Amino acid sequence: MEKYVKAFEQPEESNESIIQPLVFGETLIGTEYKYFEFMGYSKYTKDWQKNSHYTTTKGESQTFSNKVTTTWGDVSVSYSHSEGVTRTIPADASRWSRLAGYADLKIERFKITQPSFGTIYTTKVTKLNLYTDVKYK
């Protein structure tokens, strides 16, 4: 059952590419959008600092993850992000800050009826936009 749910929720990430769930009555129950949702702190700023700016370097890669609250309960979301360009992000030097990851998310809740397993509910998360920005204390 877990393989079927994984193949449905994340078909492009599933190593079980042969497994295709036999789905009857897939129904979209609802959709929620979350904008600029906090996803976690950058691994490059482990402590709060009073900086006037932060510089990210092209090719830097990091992973962000967090739980996002929805109408249907908490959903775990994670993503890896690699900087495309070197850039400077301004910050207020009078305030404690850290770099953080943010995302715009589309969250869909489905009811799936399968002959072998009955009815299950699953949530799909689509990352629409990814950001690295300053978070203040």
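E32 is buried, with a relative accessible area of 14% (buried means under 20%, exposed over 50%, and partly exposed in between, with a 1.4 Å probe and protein chains only). The model is a predicted one, in which local features need pLDDT of at least 70 and side-chain atom pairs count only at pLDDT 80 or more, while totals for chains, interfaces and linings use all residues. Residues are numbered from 1 along each chain as its sequence is written, and side-chain values use heavy atoms, with hydrogens and water left out.

E32 belongs to strand 1 (strands are DSSP runs of E with at least two residues, numbered from the N terminus). Beyond neighbours within four places in sequence, E32 is in contact with T69, T70, T71, W72, L105, K106 and I107 (contact means heavy atoms within 4.5 Å). With T71, the link is a side-chain to side-chain polar contact at 2.3 Å (a pair of N or O atoms within 3.5 Å, one able to donate a hydrogen and the other to accept it; residues adjacent in sequence count only if both atoms are side-chain atoms).

Y33, also placed in strand 1, is partly exposed at 43% relative accessible area. Together with Y35, F36 and L128, Y33 makes a nonpolar surface patch of about 430 Å². Strand 1, residues 24-41, supplies the largest share of this patch, three residues.

Turning to strand 3 (residues 61-70), N66 is found here and is partly exposed, at 28%. The side chain of N66 reaches the backbone oxygen of F38 at 3.0 Å. N66 and V77 are eleven residues apart in sequence, yet their C-alpha atoms are 5.6 Å apart in space.

Notes:
Patch = residues over 30% accessible without salt bridge, like charges linked within 9 Å, V, L, I, M, F, W, Y side chains within 5 Å. Areas by Shrake-Rupley, 256 points an atom, 1.4 Å probe, with all protein chains shown as cover. Salt bridge = Lys/Arg side-chain N within 4 Å of Asp/Glu carboxyl O. Helix = DSSP H or I, 4+ residues; strand = E, 2+ residues; numbered from the N terminus.
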